[in-house]
Amino acid sequence: MTDTPGLARAVGRGLRQCCPACGRGKLFRTYLKQVDTCDVCGAALGDIRADDGPAWLTVLTLGPLLVAVTFFVSFAEIPLWLSLPAATLIVTGAVLLLLPRMKGAFIAALWVAGRKGAGE
Ligand SMILES: [Zn+2]
């Protein structure tokens, strides 16, 4: 591993679900479970606990979008049988798409700060 990247670069790598240290290794081995160590640079990532941070960040990011979707659905002349399932799919899809990226960014920020997570 060369030098430690800055916060913005590490968070960018986390958003791409890559190792915050090198940007080449994968950060997750499953949907939300991070790898113990980076396959490329060996950075220890498994002990970093993001806890509720990614969920909080996802809600904070999607909140304004969801308000807009709710207003659109409320005022549009779309039948309820169509608008409700469509809004549900959009919201669920957005959350599923954004949550691992937010977790990656959060883990990267904690990694830069040198934190291991709750309890330390
Ligand atoms: Zn790495």
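Colleague: Hi! What share of the contacts with a separation of 6 or more is between residues 24 or more positions apart?

Modeller: Hello! In this chain, residues 24 or more positions apart make up 55% of those contacts. Keep in mind that the model is predicted.

Colleague: Good to know. How many helices and strands does the chain have?

Modeller: There are three helices and zero strands. Going along the sequence, you read the pattern α-α-α.

Colleague: And the overall dimensions? What box do the C-alpha atoms fill?

Modeller: Taken along the principal axes, the box is roughly 55 × 25 × 25 Å. The chain has a radius of gyration of 17 Å, whereas a compact globule of 120 residues would have one near 14 Å.

Colleague: What percentage of the residues is buried, then?

Modeller: Buried residues are 23% of the 120 in the chain.

Colleague: Let's go inside. How many residues are in the largest nonpolar core?

Modeller: That core has 19 residues. Among those with the most contacts inside it are Cys19, Leu45, Phe106 and Trp111. Helix 1 (7–15) and helix 3 (80–113) each contribute at least two residues to this core.

Colleague: Which helix gives the largest share?

Modeller: Helix 3 does, with eight residues of the core.

Colleague: I have Trp111 on screen. What does Trp111 touch, leaving out residues up to four places away in sequence?

Modeller: Trp111 touches Ala10, Pro20, Leu45 and Ile48.

Colleague: Ala10 takes me to helix 1. Which residues are buried there?

Modeller: In helix 1, Ala10, Val11, Arg13 and Gly14 are buried. They lie on the same side of helix 1, because they cover an arc of only 155° around the axis.

Colleague: Nice. What do the buried residues of helix 1 pack against?

Modeller: They pack against helix 3.

Colleague: And what follows helix 1?

Modeller: Gln17 comes after helix 1, and the phi of Gln17 is positive, near 60°.

Colleague: Changing topic: Gly93. Where does Gly93 lie, and is Gly93 buried or exposed?

Modeller: Gly93 is part of helix 3. Gly93 is exposed.

Colleague: Why does Gly93 count as exposed?

Modeller: Because Gly93 has 10 other C-beta atoms within 10 Å, and a residue is exposed if that number is 12 or fewer.

Colleague: Last one! How many Å apart are Gly93 and Ala10 in space?

Modeller: From C-alpha to C-alpha, Gly93 and Ala10 are 25 Å apart, and in sequence they are 83 residues apart.

Notes:
Residues numbered from 1 in each chain as written. Predicted model: local features only at pLDDT ≥ 70, side-chain atom pairs only at ≥ 80, totals over all residues. Core = buried A, V, L, I, M, F, W, Y, C linked by C-beta atoms within 7 Å. Buried ≥ 20, exposed ≤ 12 C-beta atoms within 10 Å, placed from the backbone. Helix = DSSP H or I, 4+ residues; strand = E, 2+ residues; numbered from the N terminus. Contact = placed C-beta atoms within 7 Å. Arc of directions from axis to C-beta. Rg over C-alpha atoms; globule rule 2.2 N^0.38 Å.
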